[in-house]
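Here is my note on the model, point by point. Please keep the view open while you read.

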Amino acid sequence: MEAEIRAAGGRVLASAVTSVFAQQAFARHLGVEFPMVSDWNRAVAPAYGVQYDVWRGHQGVAKRSVFVIDRDRTIRYRWVTDDATVLPDFDAAIAALKELA
């Protein structure tokens with residue numbers, strides 16, 4: 001899937017409220033090559049409107065979400081779920097990315 005995103009001119013970036021060290025270990029474990037960045041201070045999730053108030057006893061955790069953002073930093077596609085067990089429709093995100101080309 002990452003190759004298809006790159007072929008459409010996009011880049012993948014993952015963000016979570018875990019520490020940088022946890023992100024690096026998770027990336028190694030998964031074998032991903034795209035950046036996984038830490039939102040340790042919990043600034044990104046609320047800025048994008050994807051932060052739970054409380055989720056399973058944890059405050060400030062980001063909801064599972066996908067964004068396609070153009071070169072002007074305009075959000076062109078947004079997918080968010082309150083159910084963290086639901087996977088996003090990556091095909092829809094890739095289609096939105098291809099529309100930007």
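**Notes on the model**

1. E2 and R6 are four residues apart in helix 1 (residues 2-7), so about one helical turn separates them. Helices here are DSSP runs of H or I with at least four residues, strands are runs of E with at least two, and both are numbered from the N terminus. The two side chains form a salt bridge, with the closest N and O atoms 2.8 Å apart. The term means a side-chain nitrogen of Lys or Arg within 4 Å of a carboxyl oxygen of Asp or Glu. E2 is partly exposed at 22% relative accessibility. R6 is partly exposed too, at 46%. The classes are buried under 20% relative accessible area, exposed over 50%, and partly exposed in between, with a 1.4 Å probe and protein chains only.

2. A word on the basis. The model is predicted: local features need pLDDT of at least 70 and side-chain atom pairs pLDDT 80 or more, while totals for chains, interfaces and linings use all residues. Residues are numbered from 1 along each chain as its sequence is written, and side-chain values use heavy atoms, leaving out hydrogens and water.

3. How many salt bridges does a search of the whole structure find? Four. One of them joins E4 and K98, at 3.4 Å from N to O. E4 belongs to helix 1 and K98 to helix 4 (residues 90-100), so this pair ties together parts that lie 94 residues apart in sequence. Both ends are partly exposed: E4 has a relative accessible area of 37%, and K98 has 45%.

4. G9 and L97 are 88 residues apart in sequence, yet their C-alpha atoms are 7.8 Å apart in space. G9 sits in the loop between helix 1 and strand 1 (14-16). With 54% relative accessibility, G9 is exposed.

5. R76 and D70 make another salt bridge, 2.7 Å from N to O. Which end is buried? D70 is, at 14% relative accessibility. R76 is partly exposed at 48%.

6. Strand 5 (residues 65-69) pairs with strand 6 in the antiparallel sense, over five bridges. Pairing requires that DSSP find at least two bridges between the strands. Across the pair, V66 faces W79 of strand 6.

7. Check the backbone of the turn. The hairpin of strands 5 and 6 has five residues between the strands, and R73 takes a positive phi near 70° there. R73 is not a glycine. Most residues other than glycine have a negative phi. R73 is exposed, at 75% relative accessibility.

8. R42 is partly exposed, with a relative accessible area of 31%.

9. Now T81, in the loop between strand 6 (75-80) and helix 4. Is T81 buried or exposed? Buried: its relative accessible area is 11%. A polar atom of its side chain lies 3.1 Å from the backbone nitrogen of D83. Setting aside neighbours within four places in sequence, T81 is in contact (heavy atoms within 4.5 Å) with Y52, K63, R64 and V86.

10. Two of those partners also meet each other. The charged end of K63 sits over the ring of Y52, 5.6 Å from the ring centre. The rule asks for NZ of Lys or CZ of Arg within 6 Å of the ring centre and within 35 degrees of the ring normal. Aromatic pairs are counted separately. Rings of Phe, Tyr and Trp (its six-membered ring) pair if their centres lie within 6.5 Å; planes under 30 degrees apart are stacked, over 60 edge-to-face, and the rest tilted. By that rule there is one aromatic pair.

Notes: Polar contact = N/O pair within 3.5 Å; in protein donor to acceptor, adjacent residues only side chain to side chain.
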